[in-house]
Amino acid sequence: MRVLTEDFKSFPMGPFPFDREHSAMGEYHYYPNPGYCGQWFDPIADWSFRGPTWVISDADMDGSRCIEQMRLTEPVQKKAVPTLRAGDTMWTDCTITAKVRAMIAVNFSGILFRYQTSMMHYGFFLVPGGVEVHRVEKLERTVIAHEDVQWDEDEYNTLSVQLDGNRIRCYLNDKLVIDIVDSRYTYGCMALSACRPARYKDISVDMTDAQYADYCARKESWDKEEKAARAKHFGAKLLKKIDLGKFGAARQIRFGHLTGTDEWFFVMCQNQRKVYKDRYPVISCMTAVSVETGEVLWQIGEPYDSPEIEMLTTDLPFQIYDIDNDGFDEVITSWDFKLMILDGRTGQVKKSIPTPLNEADPKTVTGLEFGKYAFKRLNVDAIRIVNVSGNERPEEILIKDRYSRYWIYDKDLNYKWEFSKYNTGHFPYSYDYNGDGREEIFSCYNMVDSNGNLQWSLPIDTDHTDEIIVGTFGPGQEERLAIVSGWEGFMILSKSGEIILRDINGHGQRISTANYCPEREGFEIATTTFWGNNGIVYLHDCNGKEIWHQEMKSNGNVIAPLNWDGNGKEILWMSAHEGGFDGDGHRVLVLPDDGHPEMCTEVLNLTGDARDEIVVWDRYSMYIYTQDGEAAKDERGTYVPYKYPEYNSSNYRGEYSFPRWVK
């Protein structure tokens with residue numbers, strides 16, 4: 001039974017779809033590469049190469065088509081190798097065949113099998129002077145078999161892998177060259193992979209009748225299981241649709257109560273990118289809109305409709321919060337080199353000061369483009385509301401540059417202190433770690449006390465922390481920090497800076513924690529990857545031990561805890577495209593097929609029944625979904641979990657949802 005075949009004749013000539021910007025959009029947007037992909041998916045996001053990775057070609061001049069890998073890559077740790085996957089990860093036993101022409105005998109070119117993610121698979125490769133089988137497990141690439149054999153760079157060589165349980169037979173041009181046993185991976189799809197230009201054609205995957213029957217039975221069982229799991233959750237129904245006119249944007253949005261009532265509003269900001277790529281974005285238009293009516297409450301600046309509006313891959317500096325405790329939310333923002341507090345009802349400026357002067361030696365400023373200041377004053381990257389003075393409620397404002405420094409101001413915009421050491425990360429986390437009533441600030445790898453003094457630093461000085469969460473994740477534990485720090489990995493830390501667990505499982509991009517598996521002890525921790533090996537979602541137990549992994553065939557997975565059913569079991573929300581998954585990895589929630597946008601998503605409680613709604617939008621329209629049924633009565637009361645406050649919103653915040661029942 002042939003379960004996959006490919007001759008590439010259904011493709012147009014030219015590049016396989018790729019990200020022409022090589023941008024960070026896919027960190028938190030569903031932003032697919034435009035074009036026809038057929039049955040293939042490219043799971044690698046690489047900023048270091050500006051052309052296409054794969055090209056459809058008729059270079060053989062014989063009427064056939066091939067696909068050619070175009071990048072020059074070294075198979076080193078923390079560097080993804082070009083990969084193109086196809087098929088079903090539920091495959092187990094099968095025979096995979098491809099004609100491969102390695103254009104130069106350097107490193108390796110070949111086919112991957114039992115492929116679960118771009119970091120977990122086997123490979124059968126042409127290598128200089130022979131062939132090899134590799135086993136890849138996260139950062140470890142192990143050669144588990146090598147055979148000296150001749151092959152020709154000027155010719156296609158037929159590679160074939162026969163899989164039968166833990167036995168792996170590899171053939172070169174119909175000759176058995178490797179016959180081994182290895183039990184690490186028992187299932188997975190197939191992929192193409194090469195470190196140097198290589199051509200592939202005439203690809204097929206075959207199963208015997210018995211193998212195919214076994215595959216179908218397992219797939220049917222999983223589908224039945226998933227259908228039963230989906231039936232335990234409410235479906236999604238459209239609550240409302242809002243036209244965003246010309247003021248729409250990507251994930252530059254904040255929610256709050258601007259008029260002092262329970263009515264929800266959102267503020268959406270457009271931007272202009274200045275100087276270099278997205279390192280110096282400035283707010284160009286700010287629009288406040290009623291969630292209830294879709295009507296504009298106020299607007300500052302001139303809106304305009306352009307794809308450029310979508311292409312911002314950073315935060316913009318604004319939050320919604322009642323900073324002066326007068327019963328009305330303000331908008332705290334930075335615009336035109338001023339730090340400002342706006343009246344949430346009108347958008348009028350209540351208070352304003354100039355942003356700090358750029359006086360530090362440029363050599364000491366991490367991430368400063370070209371090593372030079374572009375402006376006299378700070379172009380603010382992000383804002384967070386903090387409480388470093390021990391007030392009854394947060395009343396201070398943290399502002400930061402892109403990667404190096406942050407400053408603290410009080411509610412009247414009086415300067416308090418500033419801090420800089422190596423890197424700020426994207427969004428510092430403020431929390432009362434020592435119980436003295438005042439918040440300390442964890443930023444990148446540095447714990448800073450409420451007076452701006454460094455308490456401790458992790459022994460790491462590369463990359464930076466992308467997202468942070470804090471909590472008591474398991475019974476008997478003290479509070480811990482859980483972070484994802486790019487290629488420095490997923491880490492669980494004590495409050496004193498001890499690294500309790502570290503797993504470098506890709507470029508860690510996002511993190512969340514919730515009661516995804518109530519039958520397990522404590523709370524589960526989800527992480528996902530972006531740069532390099534893109535889209536791998538891991539679910540870990542309360543101690544950081546991996547429960548399962550899945551490579552999503554899309555980017556933009558926000559892995560947000562979704563209180564959908566009100567029963568204490570959270571759904572892991574990915575995106576409007578992928579939907580929501582339960583703690584067993586089943587896809588249990590999908591949005592209606594009603595033409596909704598897919599680029600951006602957020603989850604929050606907008607209707608007041610304690611359960612979350614799902615908001616999805618692009619620059620044209622916003623759709624809001626709610627449950628298609630009422631939550632069942634529960635003797636414990638109403639499930640109202642502790643979640644990240646909306647007044648500290650960011651594209652770089654870890655998400656948490658800790659149980660709370662209210663009677």
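This is a predicted model: local features need pLDDT of at least 70, side-chain atom pairs count only at pLDDT 80 or more; totals for chains, interfaces and linings use all residues.
Residues are numbered from 1 along each chain as its sequence is written. Local features need pLDDT of at least 70, side-chain atom pairs count only at pLDDT 80 or more, and totals for chains, interfaces and linings use all residues, while side-chain values use heavy atoms, with hydrogens and water left out.

Aromatic rings come first. A pair of aromatic rings is described by the distance of the centres and the angle of the planes. Rings of Phe, Tyr and Trp (its six-membered ring) pair if their centres lie within 6.5 Å. Planes under 30 degrees apart count as stacked, planes over 60 as edge-to-face, and the rest as tilted. Across the whole structure, the search finds 29 aromatic pairs. One of them joins Y28 and Y652. Their ring centres are 5.6 Å apart and their planes stand at 90°, so this pair is edge-to-face. The pair links distant parts of the chain, 624 residues apart. Y28 lies in the loop between β2 (14-15) and β3 (40-41). Y652 lies in the loop between β52 (642-643) and β53 (655-658). Strands here are DSSP runs (E, at least two residues), numbered from the N terminus. Y28 has a relative accessible area of 2%, so Y28 is buried. Y652 is also buried, because its relative accessible area is 2%. Buried means under 20% relative accessible area, exposed means over 50%, and partly exposed lies in between (1.4 Å probe, protein chains only).

Y429 and Y431 form another aromatic pair. Their centres are 6.4 Å apart, with 55° between the planes, and the pair is tilted. Y429 counts as buried, because its relative accessibility is 4%. Y431 has 24% relative accessibility, so Y431 counts as partly exposed. Both tyrosines belong to one aromatic cluster, which also includes Y433, F523, Y644, Y656 and F658.

Charges also meet rings. A charge sits over a ring if NZ of Lys or CZ of Arg is within 6 Å of the ring centre and within 35 degrees of the ring normal. The charged end of R611 sits over the ring of F234, 5.1 Å from its centre. R660 has its charged end over the ring of Y642, 4.2 Å from the centre.

A salt bridge is a side-chain nitrogen of Lys or Arg within 4 Å of a carboxyl oxygen of Asp or Glu. By this rule the count comes to 46 salt bridges. One of them joins the side chains of D62 and K201, at 3.5 Å from N to O. This pair links distant parts of the chain, 139 residues apart. D62 lies in the loop between β5 (54-57) and β6 (66-69), whereas K201 is in strand β17 (residues 198-206). K201 has 6% relative accessibility, so K201 counts as buried. D62 and K201 are linked with D60, E68 and R199 in a network of salt bridges.

D401 and R405 meet in a salt bridge at 2.8 Å, N to O. D401 is buried, because its relative accessible area is 6%. R405 has 7% relative accessibility and therefore counts as buried. R438 and D436 form a salt bridge as well, at 3.8 Å. R438 counts as partly exposed, because its relative accessibility is 28%. D436 has 38% relative accessibility, so D436 counts as partly exposed.

Two loop residues follow. H586 lies in the loop between β46 (579-581) and β47 (587-589). At 3% relative accessibility, H586 counts as buried. Contact means heavy atoms within 4.5 Å. Neighbours within four places in sequence aside, H586 is in contact with W222, E225, E226, A229, G580 and F581. C517 lies in the loop between β39 (508-514) and β40 (524-529). C517 has 1% relative accessibility, so C517 counts as buried. With neighbours within four places in sequence left aside, C517 is in contact with E524, L539 and G583. C517 and W548 are 31 residues apart in sequence, and their C-alpha atoms are 12 Å apart in space.

Y276 counts as partly exposed, because its relative accessibility is 30%. V275, Y276 and F370 make a nonpolar surface patch of about 310 Å². Patches are made of residues with over 30% relative accessible area and no salt bridge; like charges are joined within 9 Å, and nonpolar side chains (Val, Leu, Ile, Met, Phe, Trp, Tyr) within 5 Å. Accessible areas come from the Shrake-Rupley method with a 1.4 Å probe, and for residues only the protein chains shown count as cover.

Note on methods
Helices (H or I, at least four residues) and strands (E, at least two) are DSSP runs, numbered from the N terminus.
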